[in-house]
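These are my notebook entries on a structure that is new to me. I set down what I looked up, beginning with the terms.

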Amino acid sequence: MTKEKRLRFEHTVIDDKTLTTGNSVCLVADVNGNGFVDVIVGSYTSPPEEGYLVWYEYSDWKMHIITDEPFNPHILAVADFNNDGHMDIFVGEMGLGRHLNPRLFIYLGNGDGSFDEQIIDRGNPTHEAKITDIGNTGALDIVGKPFKPKTQVDLWKNMTG
Ligand SMILES: [Ca+2]
Ligand SMILES: [Ca+2]
């Protein structure tokens, strides 16, 4: 019987001083199209909960700011929402009863590390949303729910032609 191989990981810090103290989400995708996965991080400072979305470029982990716009961007996902072969980033804002007009953003990837912002909804806070193709239409939709105080469950159907 072969002995079970012991797992071994080596820890490296890729940013020793992030822009804010509240780093909310970490994702991976190849955002500049060079075949290597990069790291995407959402963060905020509390208060006033101004958020950032940044990506770190493999392999020297140079940081690039995508936006300093979102409020408390807890909800991120990478997916190709417009089926152009470039990964896009979904960002949802929390509401927490004090951000009255929360927005959902999609940062459309251009494949070279740059993004174009589109706001796809206002007024519906969300938290921990998931991306999936509801109804097998070939387009990626968003399902989510607010953290608090709203008590609902949401679906954003992708109607992009
Ligand atoms: Ca890359
Ligand atoms: Ca895309």
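I take two strands as paired if DSSP finds at least two bridges between them. Strands (E, at least two residues) and helices (H or I, at least four) are DSSP runs, numbered from the N terminus.

I note that this is a predicted model, in which local features need pLDDT of at least 70, side-chain atom pairs count only at pLDDT 80 or more, and totals for chains, interfaces and linings use all residues. Residues are numbered from 1 along each chain as its sequence is written, while chains are lettered from A and ligands numbered from 1 in the order in which they are written.

**Entry 1: the sheet.** I looked up an open sheet of 3 strands, ordered β9-β10-β11 with antiparallel pairing. Its edge strands, β9 (127-132) and β11 (154-156), each pair on one side only. I found neighbouring strands turned by 20° against each other on average, direction ignored; the axes are lines fitted to C-alpha atoms, with angles from 0 to 180 degrees between N-to-C directions.

**Entry 2: one pairing.** Strand β10 (residues 141-145) runs antiparallel to β11 and is joined to it by 3 bridges. I located I142 opposite W156 in β11.

**Entry 3: the chain.** I recorded 0 helices and 11 strands. The C-alpha trace spans about 50 × 40 × 40 Å along its principal axes. Of the 161 residues, 29% are buried, that is, with 20 or more other C-beta atoms, placed from the backbone, within 10 Å of their own.

Note on methods
Buried ≥ 20, exposed ≤ 12 C-beta atoms within 10 Å, placed from the backbone.
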